[in-house]
Amino acid sequence: MGLLLLTACRATAVSVNPSTTAAQRSVQNKGSDTMVNIALAWAEAYRKVDSTISVAVTGGGSGTGIAALINGTVDMANASRAMKQDEIDQALANGVEPVEHAVAIDALAVIVNLENPVSKLTIDQLADIYTGRITNWQEVGGNDAPIVLLSRETNSGTHVYFLEEVVRKGDSTNTDIFAPQTLLMPSSVGITSEIRRNPNAIGYDGLGYVDVAHEKMIAVAKDSANPFVLPSVATAASGEYPLSRDLFMYITANPSSVVINYLNWILSAEGQTIVAQLGFVPLVSE
């Protein structure tokens, strides 16, 4: 079945016919761990906008949030990747028509221990490292030490994005996978904690989770012919940084007015200010 998602918006107000009016007084919001801090900050700030509405936020990963939307147990699913076709098919079979809205932009930062002398890598080198073709830091200009691979768990949208855009280098015909020795971490914080402890580790996290006082960010180039770029709000917004991605909220095609009002506030200047405050990239108003 063809894709029935509506086109993602760029900070454009949502305009649909709500399924209910004022009966619903709470919003259930679940999904991406990358987005959980933003989602919590939005929920807290929205109390001052409409104190009669409560927004309950939980993480668990993009796949978990999308599954909850498909099963009808949440109003909004946070996702750091786009829905897959099999998820869309599942939703439609369950009578749920998902609608995608981009709500922020993230730069996915590649990070290492502060003691690691390596400061830049190409996508090709990262792919070789994460597939196990390169196993020693010396092969990319570092110390003679084994590379310890860290990744998010498979239900994470960040894991899926890194698999598709780095391990498989954006090639849909590429079937490479993470090396079997890759350690799967349950959260973004789990990756930063291991990076701080292990001088040979490499991992990746949303820019909003990186503290440069404790982790070192790697400058990334698309290939050897392109410049190495550090992740930042500016380089993600300009598209200069090669690992920039949209962050999404999925709702149903017939949301309540409460959900519509909340989503429109997230896309407003006030909601997007919170995006910037947490180290992510706000959308450009149309």
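**Ground rules**

I number residues from 1 along each chain as its sequence is written. The model is predicted, so local features need pLDDT of at least 70, side-chain atom pairs count only at pLDDT 80 or more, and totals for chains, interfaces and linings use all residues, while side-chain values use heavy atoms, with hydrogens and water left out.

**Strand β4**

I began with β4, residues 98-112. Helices (H or I, at least four residues) and strands (E, at least two) are DSSP runs, numbered from the N terminus. How many residues of β4 are buried? The count is 15 of its 15 residues, so I noted the strand as mostly covered. Buried means under 20% relative accessible area, exposed over 50% and partly exposed in between, with a 1.4 Å probe and protein chains only.

Next I looked up the partners of β4. Two strands pair if DSSP finds at least two bridges between them. Strand β11 (residues 244-252) runs antiparallel to β4 and is joined to it by 9 bridges. There, Ala104 has Leu247 as its bridge partner. Strand β8 (residues 201-206) is also antiparallel to β4, with 5 bridges. Gly203 in β8 is the bridge partner of Ile111. Strand β9 (residues 216-217) pairs with β4 over 2 bridges, again in the antiparallel sense. Ile111 turns up here too, opposite Met217 of β9.

**Strands β1 and β2**

I then checked β1 (residues 26-31), which is joined to β2 by 5 bridges and runs parallel to it. Gln28 has Ala56 of β2 as its bridge partner. Which residues of β2 (residues 54-58) point to the buried face? Val55 and Val57 do.

**Helix packing**

I took α4 (residues 123-131) and α5 (residues 157-167) as a pair. Their axes come within 9 Å and cross at roughly 120°. Axes are lines fitted to C-alpha atoms, for helices over the stretch in contact, and angles run from 0 to 180 degrees between N-to-C directions. I therefore put α4 and α5 down as oblique to each other. Angles under 35 degrees count as roughly parallel, over 145 as roughly antiparallel, 65 to 115 as roughly perpendicular and the rest as oblique. From α4, the contact uses Ile123, Leu126, Ala127, Tyr130 and Thr131; from α5, Phe162, Glu165, Val166 and Val167. Contact means heavy atoms within 4.5 Å.

Helices α1 (residues 36-49) and α8 (residues 257-266) pack at about 110°, with axes 11 Å apart. They are therefore roughly perpendicular to each other. On the α1 side I listed Ala39, Trp42, Ala43, Ala45, Tyr46 and Val49; on the α8 side, Asn261, Tyr262, Trp265 and Ile266.

**Rings**

How many aromatic pairs does the structure hold? I found 9. Rings of Phe, Tyr and Trp (its six-membered ring) pair if their centres lie within 6.5 Å; planes under 30 degrees apart count as stacked, over 60 as edge-to-face and the rest as tilted. Why is the pair of Phe248 and Tyr250 tilted? Their planes stand at 45°, with ring centres 6.0 Å apart, so the pair gets that label. Phe248 is buried at a relative accessible area of 8%. Tyr250 is buried at 0%.

One aromatic cluster takes in Tyr130, Phe162, Phe178 and Tyr204. The charged end of Arg245 sits over the ring of Tyr161, 5.5 Å from its centre. That label needs NZ of Lys or CZ of Arg within 6 Å of the ring centre and within 35 degrees of the ring normal.

**Single residues**

Arg152 belongs to strand β6 (residues 148-152). Buried or exposed? Arg152 is buried, because its relative accessibility is 2%. Beyond four places in sequence, its contacts include Asp33, His159, Met185 and Tyr204. Arg152 and Gly61 lie 91 residues apart in sequence and 9.6 Å apart in space, C-alpha to C-alpha.

Gln272 lies in helix α9 (residues 269-277). Gln272 is buried at 6% relative accessibility. Leaving out residues up to four places away in sequence, Gln272 touches Val103, Ile266, Leu267, Pro282 and Leu283.

Lys169 is not a glycine, yet has a positive phi of about 55°. At 39% relative accessibility, Lys169 is partly exposed.
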